[in-house]
Amino acid sequence: MKAVVFYGIGNIQVDEVAEPVIELPTDAVIKITASSICGTDLHMVRGTMAGMKSGTILGHEAVGVVEKIGQSVFNFKVGDRVVVCSTIACGDCVYCKAEEYASCDRANPNGPDAGTAFFGGPEATGAFNGLQAERARIPYADSVLVAIPKNVTDNDALLCSDIFPTGYMGAEMANIKKGDFVAVFGCGPVGQMAIAAAKQMGAREVFAIDTVPDRLAMAEKQGAITIDFEKQDPIKVLKDLTNGFGPDACIDAVGIDAERPHGGPADNNGLLGMIENIIEQKLVAPVSVMTGEQWRQGDGPSLVLQWCVEAVRKSGVVSIIGVYPETAKFFPIGAAMNKALTIRAANCSHRKYIPKCLKVLQDTSFKPSKILTAFEGLGDAISCYKHFDKREEGWLKVELIPAEDLSLKS
Ligand SMILES: NC(=O)c1ccc[n+]([C@@H]2O[C@H](COP(=O)([O-])OP(=O)(O)OC[C@H]3O[C@@H](n4cnc5c(N)ncnc54)[C@H](O)[C@@H]3O)[C@@H](O)[C@H]2O)c1
Ligand SMILES: [Zn+2]
Ligand SMILES: [Zn+2]
């Protein structure tokens, strides 16, 4: 079958690989009908989330149809339409029972302290083969798969595989109360979902910070007030728009590949700041691309964390859903402590949030698929990755469709 395979930093290919099989009685094999590319995949190809094993199939967002089940899979039968949880959880350990699925004690073969297990990630997260493929093996299928309700389309369900639940969790961790001011840093797919969820939870105003025009335009379409960090100083604008207080909560939906401004009033880095940034870039990702257009590491790894802490009001909340690797050690703890902030950070516990997100889709007119801007064949995945990596216009969120389903859809 065809799949997107990681071979090294900046080196991914669509290749022929072996079909997955049932390895354990709790496994299922699904035929994937659509998958998508995520900012997390970009960190891995850029090298800012290191430790990928050559030959790993990428991707952790998909919908599909159950094709085979192991003897101990009871919740699903062949032919069921399913959305896959990006993170893998056993469903049965003490953490899973407490709905802390991202902290599952059993799913990561590297042991209970190894961190969240997910599809298509570095060795430390499994390594499990990913979902940008024609088929996939799903461990702990009863817990990792969620049935798609009849009236929810595949496109909407696909965005419930990772990014809507992550945005929803980001807004929930931000403790949004009716009438709150909320700032969302990053208007990529995850930021867009955080904006939507913050509005759904009653935010009075959502401020959305980025610099990519079509991403800012999408945020504005969702009702956010946008701030272009290359043209405006986000901290000043956020204070001005909240009577000098700062937002009640700031959500980081950018992560380790944050960019610093290269002009405008927020570009106040100076020579020393630039040197600091380069040292930080090297510390978080010793092997990475630091110049050029493609697969380039962000040049302000902790900038969004600093902005969140600086912008948020005293006693406010910073909710971190952008991904940071273990090598990221820069956080403005002094300022956070002195402002009495609440800091929340997590990989999404998808098994907890996907059912909530599917319910939102059933109960409201919200369609997360509105952010899907490109539908391409799985065979063209590498050029899609390249466009998405460069944040080109029209490449906000890419759906990848295996050849068989592409011919059915066209
Ligand atoms: N916590 C989780 O479980 C979880 C799940 C999915 C994705 N993520 C993470 O969420 C983050 C966003 O994912 P995505 O798919 O939207 O990625 P993306 O790369 O498409 O989006 C990031 C956006 O941030 C913007 N940006 C860069 N520097 C900025 C700055 N200084 N200020 C404001 N905006 C800035 C970029 O222009 C881009 O639009 C990634 O780190 C991804 O790994 C986390
Ligand atoms: Zn993702
Ligand atoms: Zn568990």
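User: Where do the domain bounds of the protein chain come from, and which domains does the assignment give?

Analyst: Domain bounds come from an automatic or database domain assignment. The model is predicted: local features need pLDDT of at least 70, side-chain atom pairs count only at pLDDT 80 or more, and totals for chains, interfaces and linings use all residues. Residues are numbered from 1 along each chain as its sequence is written, while chains are lettered from A and ligands numbered from 1 in the order in which they are written. The assignment gives domain 1 (2-162 + 349-409) and domain 2 (167-345).

User: How far apart do the C-alpha centres of domain 1 and domain 2 lie?

Analyst: The distance runs between the C-alpha centres of the two domains. It is 26 Å.

User: Which helix gives the most to the side of domain 1 that touches domain 2?

Analyst: Two residues are in contact if their C-beta atoms, placed from the backbone, lie within 7 Å. In this sense, 27 residues of domain 1 are in contact with 28 residues of domain 2. At least two residues each on the domain 1 side come from α1, α12 (350-363) and α13 (381-389), where helices (H or I, at least four residues) and strands (E, at least two) are DSSP runs, numbered from the N terminus. The most, 6 residues, comes from α1.

User: Why does ligand 1 lie between domain 1 and domain 2?

Analyst: A residue counts as near the ligand if its C-beta atom, placed from the backbone, lies within 6 Å of it. In total 35 residues surround ligand 1, and the closest are G39, G186, G188, G255 and V323. Ligand 1 lies between the domains because its shell takes residues from both domain 1 and domain 2.

User: How do the residues of the shell around ligand 1 divide by class?

Analyst: Ala, Val, Leu, Ile, Met, Phe, Trp, Tyr, Cys and Pro count as nonpolar, Asp, Glu, Lys and Arg as charged, and the others, Gly among them, as polar. The largest share of this shell, 4 residues, comes from α1. The shell divides into 18 nonpolar, 12 polar and 5 charged residues.

User: Which residue of β14 is the bridge partner of C250?

Analyst: Strands β13 (residues 249-252) and β14 (residues 317-320) run parallel and are joined by 4 bridges. In β14, the partner of C250 is V318.

Definitions and conventions: Two strands pair if DSSP finds at least two bridges between them.
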